[in-house]
Amino acid sequence: MTTSELTLPPKARTTRTRRRVLGAGKQLHAGPVTYVVLTVFALVSLAPLVWTAIAASRTDRRLAQTPPPLWFGGNLFSNLQAAWDQAGLGTAMVNSVFVAGTITVSTVLFATLAGFAFAKLRFRFSGLLLLLTVGTMMIPPQLAVVPLYLWMADLGWSNQLQTVILPSLVTAFGTFFMRQYLVQALPSELVEAARVDGASSLRIVWHVVFPAARPAMAVLGLLTFVFAWNDFLWPIIALNQQNPTVQVALNSLGTGYVPDQSVIMAGALLGTLPLLIAFLLFGKQIVGGIMQGAIKG
């Protein structure tokens, strides 16, 4: 602010500052080059999904020809029906929705509580516990497969959905993610003010922590749901074809002496559709939450 501006009345200084901010904001408009680059990136990102849909609408013989098809055929619905029947995707879809939904709700809830504790509460060995939590992210998940399977077998949970749900009820990444967000987004003074007003810990979490953490919770929920839906390694070990998730059920489409690639692509398309629908329904709220969190930060 210049010396001449300091001599102006407060209202005039506010008006001039607002005009300067608005004038600076006009320089942020994207030009045609930006739109071209974004369009190219969008087309490249959509190319695998479009190719999956094209392959699912063709026959296996046509996919084996050169050059490959570059446009949709007329066998999409018949291939989708074949994939649905062969893989038993009806039961698999219900199982995946239940598993992914339960894991998402549990991870978001527990990670938010743990992140709040590490970010704003003071207790003994908090730094060491946080270090151990982050350290578990460095351990390859393949190392835990054998002891985890033996543990679930001892519990008598073989081929049951709780075998997939229990090990993923909370994640170290979610805890660390929420902790880093709450350190910046949740002022310590707000928590102390709630305590001075006589609010219990549960009331503080419900009325203070959850509203402040809502943008990060939405992002973590989306990431967790996508990861749980696409998880393949542990479900293929813990479950069978009689009680599968979507990824386990789709594995049966690749068996046989000559796998039908068009049917496999149709099954992959069916397995992807719920994620696309979820993003179309909730993507705006999630992006809005990210922007809200960025502005508050």
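Modeller: A search of the whole structure finds five aromatic pairs. Rings of Phe, Tyr and Trp (its six-membered ring) pair if their centres lie within 6.5 Å. This is a predicted model: local features need pLDDT of at least 70, side-chain atom pairs need 80 or more, and totals for chains, interfaces and linings use all residues. Numbering starts from 1 along each chain as its sequence is written, and side-chain values use heavy atoms, without hydrogens and water.

Biologist: Why is the pair of Phe173 and Phe177 called stacked?

Modeller: Their planes are 25° apart, with 5.9 Å centre to centre. Planes under 30 degrees apart count as stacked, over 60 as edge-to-face and the rest as tilted, so this pair is stacked. Both residues lie in helix 10, four residues apart, about one turn of the helix. Helices are DSSP runs (H or I, at least four residues), numbered from the N terminus.

Biologist: Why is Phe173 called partly exposed?

Modeller: Its relative accessible area is 39%. Buried means under 20%, exposed over 50%, and partly exposed in between (1.4 Å probe, protein chains only). Phe173 falls in between, so it is partly exposed. Phe177, at 25%, also counts as partly exposed.

Biologist: What makes the pair of Trp206 and Phe210 edge-to-face?

Modeller: The angle between the planes is 70°, so the pair passes the edge-to-face cut-off. The centres are 5.9 Å apart. Trp206 and Phe210 both lie in helix 12, four residues apart.

Biologist: Is Phe210 buried or exposed?

Modeller: Phe210 has a relative accessible area of 15%, so it is buried. Trp206 has 58%, so it is exposed.

Biologist: How do you know that helix 10 and helix 12 pack together?

Modeller: Helix 10 (residues 172-185) and helix 12 (residues 201-230) pack at about 145°, with axes 10 Å apart. Axes are lines fitted to C-alpha atoms over the stretch in contact, and angles run from 0 to 180 degrees between N-to-C directions. The contact (heavy atoms within 4.5 Å) includes Phe173, Phe177 and Tyr181 of helix 10 and Val209, Ala216 and Leu223 of helix 12.

Biologist: What makes a set of residues a nonpolar core?

Modeller: The members are buried Ala, Val, Leu, Ile, Met, Phe, Trp, Tyr and Cys residues, joined through side-chain atoms within 4.5 Å. The largest has 32 residues, and Leu89, Trp229 and Trp234 have the most contacts inside it. Helix 6 (residues 89-120) gives the most to this core, with six residues. A second, separate core of 22 residues includes Leu182 and Ala216.

Technical notes:
Helices (H or I, at least four residues) and strands (E, at least two) are DSSP runs, numbered from the N terminus.
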